[in-house]
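Let's take a walk through this model together. Have a look at the picture first, and then we'll go from the whole chain down to single residues.

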Amino acid sequence: MREQPIGEAVEDDEREAVIAFHRGDMRAAIATLLEDVRHLRRQLALTEAAMGRGMTRGWRPTYDRD
């Protein structure tokens, strides 16, 4: 895994809010977060397919799973 997250770090209160939303059910919280990741990856793939190569100057997202 990366040592530092990309963007802003996740705060403890954000973690607590996710867990509280699922009434303490950690498995449900993880399942929801994983579904969010899947959705965002699909959105990125759709955006990548719709964009012209010149618009991004050849940039392509990396899908590393460290």
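**A walk along the chain**

Of the chain's 66 residues, 6% count as buried, where buried means under 20% relative accessible area, exposed over 50% and partly exposed in between, with a 1.4 Å probe and protein chains only. What you're looking at is a predicted model, in which local features need pLDDT of at least 70 and side-chain atom pairs count only at pLDDT 80 or more, while totals for chains, interfaces and linings use all residues. Residues are numbered from 1 along each chain as its sequence is written, and side-chain values use heavy atoms, with hydrogens and water left out.

The chain has 3 helices and 0 strands, taken as DSSP runs numbered from the N terminus (helices are H or I, at least four residues; strands are E, at least two). Follow the sequence and you get the pattern α-α-α.

Now stop at H22, which sits in the loop between α1 (12–21) and α2. Is H22 buried or exposed? With a relative accessible area of 16%, H22 is buried. Setting aside neighbours within four places in sequence, H22 is in contact (heavy atoms within 4.5 Å) with A28, A29 and T32.

Next comes α2 itself, residues 26–50. This helix has 25 residues and reaches 36 Å from its first C-alpha to its last, close to the 36 Å expected at 1.5 Å a residue (that is, 1.5 Å times one less than its number of residues). I30 is one of the residues in α2.
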